[in-house]
Amino acid sequence: MLPLNVINMNCELAEPDKLINQLTILKSVNIDGVMVDCWWGIVEAHNPQEYNWSGYKELFQIVRNLKLKLQVVMSFHECGGNVGDDVHIALPNWVMEIGKTNPDIFFTDREGRRNTECLTWGIDKERVLRGRTAVEVYFDYMRSFRVEFDEFFENEIISEIEVGLGPCGELRYPSYPAKHGWKYPGIGEFQCYDRYLMKSLKLAAEVRGHSFWGRGPDNAGSYNSQPHDAGFFCDGGEYDSYYGRFFLNWYSQSLVDHGDRVLALANLAFEGTCIAAKLSGIHWWYKTASHAAELTAGFYNPCNRDGYAKIAAMLKKHGAALNFTCVELRTLDQHEGFPEALADPEGLVWQVLNDAWDVNIPVASENALPCHDREGYNKILENAKPLNDPDGRHLSAFTYLRLSPCLMEKMHLLEFERFVKRMHGEAV
């Protein structure tokens, strides 16, 4: 994964000579290619349907000259304010201007706080973006990219397009934003209080015949609550009541429907090219009954229900690969740091990977946190090619997060080279 600021706000390649030098070294250790974010907030920054791809053209030519492959992310989210973000790239200026007069285009929590990380799926089909719906805006952007970089598709330099579907490019609600004071391992908050999603919820309640269910839970705690502190999420809590099941079904289905709509249009724009969607590994509170942190993010995955099978089926429908984070995390390490969080990244990885493999979709992965040591690399390798899998199933690809001065230090580079060799199946 290339640095977040490889392209500056004027859509210029920031430090071409330094990048060429780094990529030449990485090519020598036999990497297959690089992944880069194409930021909506840079490319369509000033006016609707005025796209500036200039810096990306220069970057892609460098990658092609080095005979590397490209995975490109359609990044329809804000950069900044999350773990590892050292750069700030807002949504396009013209979108932010619309948000000043209609803040309901952004996700909203129960207190009415707006989150400008990405647009609510409440406006996927609402013509509130200067005459266009949100999905039309995404489609126009993707189609412009496909036309602009046609030669890179024809030459198969671009091997995959990852389609941004939410905050950090991930298919989830922005339920744990640091900007609103969230800290690990808080359960997060439901993000359905913009007027468009509330209208959808009220309609769903009326159709169900219980119009008084057209509201969000009033006992779900706050960003930094723990499950046992909240009446909705505690053991035997309201999450498993008739109303709770109705609300969580609606909330999680709205997420799946958003992915369904955007990926259908991505396939239209990128016909013949592999597309992928990214899923975040929300592993904290996994060892509790309610799985509260997953519920607020839109994954209806309590201990008595598989919340990822429906997402895998939706990806299968569109022939999309799954890119999943947190394969390098060890459950034991999580217990040492935050024993009260009852986290289980290994259990979560195993569940999600099996749900995807059960419907025969390719699964790729990336590390959630910086990784330079052999122990972390070994955990990735263990998940990439499970030794005890009777069907020989394995990850289709792995993206290392991310190119940095630290990675280029001699000791770290040697360890990384060893990891690349083992990923390619070489004995070391």
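**Group meeting: salt bridges, sheet and aromatic pairs**

Let me start with one contact. Glutamate 136 and arginine 127 form a salt bridge, with the closest N and O atoms 2.6 Å apart. Keep in mind that this is a predicted model. How accessible are the two partners? Glutamate 136 counts as partly exposed, at 26% relative accessibility. Arginine 127 counts as exposed, at 53%.

Next, a bridge between two helices. Glutamate 415 and arginine 374 meet through their side chains in a salt bridge, 2.9 Å from N to O. Glutamate 415 sits in helix H14, residues 410–423, and arginine 374 in helix H13, residues 374–384, so the pair ties together parts 41 residues apart in sequence. Glutamate 415 counts as buried, with 17% relative accessibility. Arginine 374 is partly exposed, at 39%.

Now a third one. Glutamate 78 forms a salt bridge with lysine 179, and the closest N and O atoms are 2.9 Å apart. This pair links distant parts of the chain, 101 residues apart. Glutamate 78 is in the loop between strand E2 (69–75) and helix H4 (93–101). Lysine 179 is in the loop between strand E5 (158–163) and helix H7 (195–208). Is glutamate 78 buried or exposed? Glutamate 78 is buried, with a relative accessible area of 6%. Lysine 179 counts as partly exposed, at 41%.

There is also a network. Salt bridges link Glu44, Arg132, Asp140 and Arg143. How many salt bridges are there in the whole structure? The search finds 25.

On to the sheet. Seven strands form an open sheet with parallel pairing. The order is E1-E2-E5-E6-E7-E8-E9. Which strands stand at the edges? They are E1 (33–39) and E9 (397–399). Each has a single partner strand, so one side of each is left without a neighbour in the sheet. On average, neighbouring strands are turned by 25 degrees against each other, direction ignored.

Strand E8, residues 363–366, runs parallel to E9, and three bridges join them. Glutamate 366 has threonine 399 in E9 as its bridge partner. At the other end of the order, helix H3 (residues 54–65) lies across E1, E2 and E5. H3 runs at about 175 degrees to E1.

Now helix H4. Which of its residues are buried? They are Trp94, Val95, Ile98 and Gly99. These residues cover an arc of only 150 degrees around the axis, which puts them on the same side of H4. As a reminder, an α-helix has 3.6 residues a turn, so residues three or four places apart point the same way. What covers the buried residues of H4? The cover includes helix H2 (40–43), strand E3 (106–108), strand E4 (114–119) and helix H5 (134–148).

Last topic, the aromatics. The count comes to 48 aromatic pairs. One of them is stacked: tyrosine 51 with tryptophan 53, 6.3 Å centre to centre and 20 degrees between the planes. Tyrosine 51 counts as partly exposed, at 22% relative accessibility. Tryptophan 53 counts as buried, at 3%.

Phenylalanine 107 and tyrosine 173 make an edge-to-face pair, 5.7 Å centre to centre, with 70 degrees between the planes. Phenylalanine 107 lies in strand E3 and tyrosine 173 in the loop between E5 and H7, so this pair ties together parts 66 residues apart in sequence. Phenylalanine 107 is buried, with a relative accessible area of 0%. Tyrosine 173 is buried too, at 0% relative accessibility.

How values were computed
Residues numbered from 1 in each chain as written. Predicted model: local features only at pLDDT ≥ 70, side-chain atom pairs only at ≥ 80, totals over all residues. Heavy atoms only, no water. Salt bridge = Lys/Arg side-chain N within 4 Å of Asp/Glu carboxyl O. Helix = DSSP H or I, 4+ residues; strand = E, 2+ residues; numbered from the N terminus. Buried < 20%, exposed > 50% of the residue type's maximum accessible area, 1.4 Å probe, protein only. Arc of directions from axis to C-beta. Contact = heavy atoms within 4.5 Å. Pairing = 2+ DSSP bridges. Axes fitted to C-alpha atoms, helices over the stretch in contact; angles between N-to-C directions. Phe/Tyr/Trp six-rings, centres within 6.5 Å; stacked < 30°, edge-to-face > 60°.
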